[in-house]
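This briefing sets out selected features of a single model, grouped by topic. Please read it alongside the sequence and the coordinates.

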Amino acid sequence: MLGELGRFGDQVLDRCGSDFLERMIGRKSTCLRQLAGGRRSDVVRFDRFLANPRVTIDRLIEGWGERTGPVCSGRHILAIQDTSEINFRTTAMQRRGLGKIGKGMGHGLLLHVMLAVDADNFGCLGLVSGKIWTRAGLRTVPHAKRPLADKESGRWLNTPVAAKEVLRDAAMVTVVADRESDIYAEWARTPAPNLHLLTRAMQDRVVLEGGRLSMVDLTLAGETEFVLPAQPGRPEQRTTLRMRFGQVTIRRRHQTLEKGLPEASPLRLVEVMELNPPQNCRPIIWRLLTTHNVTDGAQAWQIVEWYRQHWIVEQFFRTLKQQGLRLEDSQLATADGLLKLTAVAALAACTTLQLV
């Protein structure tokens, strides 16, 4: 497992990192005392590993893909990306060097990951790339006036760029993401001959065909019954979903700060709408945008099935936080240590998900 943590050129350091990871997987914990099994010497050893300046966040994240890349060779990969907040316990007197997260008073860090999933059997193959950071403070320049390179949302473009190298031997890559990834610059810059995008639309975009996405004349692909799991405010229910699909050309917004982007980008739209929602509940509507060709109903349903695999990354975050490793219970005192711990814990959570 040395490659998973990065090759630091120090055998002692590599052995410690591999032991750290293996114990985390085996004991399903990120607590140093539990991982050490009561041996103070091991607590000190693991603590020194996290404090070592040669163990960097960037190198740990690079190590994620070193093991995953070869496994993906020759496959069609669903590269599923998403972000989660890691909320650590802090007090007003001791913030542990962590910035604010969420809309409340929580302090912690943010973890963005991309998982490689086999598009044929939906097996999780490993972590590809990502980003881990904590906020330094409030930004004084409004979000709308900052270029993408100066925004956290740049991660939605930077991670697929890293994936192009990690997954270079894959037969095809489809980057799957939820609504926050619906950024015009990503549609314009990221696609490549063997790299496609599949994202749930965040906004009712203006299209060259006239009007907006919700107004486009689409082809009916049929209806199907589907059991929707319970959600807050909604019971589990068997419902009927209607599918439509077609081609759209989204327009670049006039206020876009990025330079050199085309005026418009041609995409395919797959729309899934719930026909019989529970009383007092809004119907579920998915508008899925993709660079894949969609010319018939079978291809449209395939797009929906690929998008549904987004739940795998949600299960990964549950394994990391609530159901498995309980990362947020860590008592490490410094932000730097917590960032590195999270990088190792992410790999442990992914391995646990694969074993389950």
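Of the 65 residues in the largest nonpolar core, which touch the most other members? They are Phe20, Met24, Trp64, Leu111, Leu127, Val270 and Phe316. The model is predicted, so local features need pLDDT of at least 70 and side-chain atom pairs count only at pLDDT 80 or more, whereas totals for chains, interfaces and linings use all residues. Residues are numbered from 1 along each chain as its sequence is written, and side-chain values use heavy atoms, with hydrogens and water left out.

**Nonpolar cores**

- A nonpolar core is a set of buried Ala, Val, Leu, Ile, Met, Phe, Trp, Tyr and Cys residues joined through side-chain atoms within 4.5 Å; buried means under 20% relative accessible area, exposed over 50%, and partly exposed in between (1.4 Å probe, protein chains only).
- In soluble globular proteins, nonpolar side chains tend to be buried together.
- Leu127 is in contact (heavy atoms within 4.5 Å) with Trp64, Gly65, Thr68, Val113, Met114, Leu115, Phe316, Ala346, Leu347 and Cys350, leaving aside its neighbours within four places in sequence.
- A second, separate core has 34 residues, including Met114, Val175, Ile183 and Leu269.

- H10 has 21 residues and reaches 30 Å from its first C-alpha to its last, close to the 30 Å expected at 1.5 Å a residue; the expected span is 1.5 Å times one less than the number of residues.
- Of the 21 residues in H10, 18 are buried, and the helix is mostly covered.
- Thr342 is found in this helix and counts as buried at 0% relative accessibility.
- Not counting residues up to four places away in sequence, Thr342 touches Phe88, Leu109, Leu111, Ile132 and Leu327.
- From C-alpha to C-alpha, Thr342 and Asp217 are 46 Å apart in space, and they are 125 residues apart in sequence.

**Aromatic pairs and a charge over a ring**

- A pair of aromatic rings is described by the distance of the centres and the angle of the planes.
- Rings of Phe, Tyr and Trp (its six-membered ring) pair if their centres lie within 6.5 Å; planes under 30 degrees apart count as stacked, over 60 as edge-to-face and the rest as tilted.
- A search of the whole structure finds four aromatic pairs.
- One of them joins Phe20 and Phe46, which are stacked because their ring centres are 4.9 Å apart and their planes lie at 25°.
- This pair links distant parts of the chain, with Phe20 in helix H2 and Phe46 in helix H4 (residues 40–51), 26 residues apart.
- Phe20 is buried, with a relative accessible area of 0%, and Phe46 is buried at 0% as well.
- Another pair is Trp286 and Tyr307, edge-to-face because the ring centres are 5.0 Å apart and the planes lie at 75°.
- Trp286 lies in strand S10 (residues 285–290) and Tyr307 in helix H8 (residues 297–308), so this pair ties together parts 21 residues apart in sequence.
- Trp286 is partly exposed, with a relative accessible area of 22%, whereas Tyr307 is buried, with 5%.
- Phe20, Phe46 and Phe49 form one aromatic cluster.
- The charged end of Lys131 sits over the ring of Trp133, 4.8 Å from its centre; the criterion is NZ of Lys or CZ of Arg within 6 Å of the ring centre and within 35 degrees of the ring normal.

**Cysteines**

- The structure holds zero disulfides, a disulfide being a pair of cysteine sulfur atoms within 2.5 Å.
- Cys72 is in no disulfide, and the nearest cysteine sulfur, that of Cys124, is 9.4 Å away; Cys72 is buried, with a relative accessible area of 0%.
- Cys350 is likewise in no disulfide, and the nearest cysteine sulfur, that of Cys124, is 4.0 Å away; Cys350 counts as buried at 1% relative accessibility.

**Positive phi in loops**

- Lys28 is not a glycine, yet has a positive phi of about 50°.
- Lys28 lies in the loop between helix H2 (11–27) and helix H3 (32–36) and counts as partly exposed at 49% relative accessibility.
- Phe122, also a residue other than glycine, has a positive phi near 65°.
- Phe122 lies in the loop between strand S3 (107–118) and strand S4 (124–133) and counts as partly exposed at 25% relative accessibility.

How values were computed: Helices (H or I, at least four residues) and strands (E, at least two) are DSSP runs, numbered from the N terminus.
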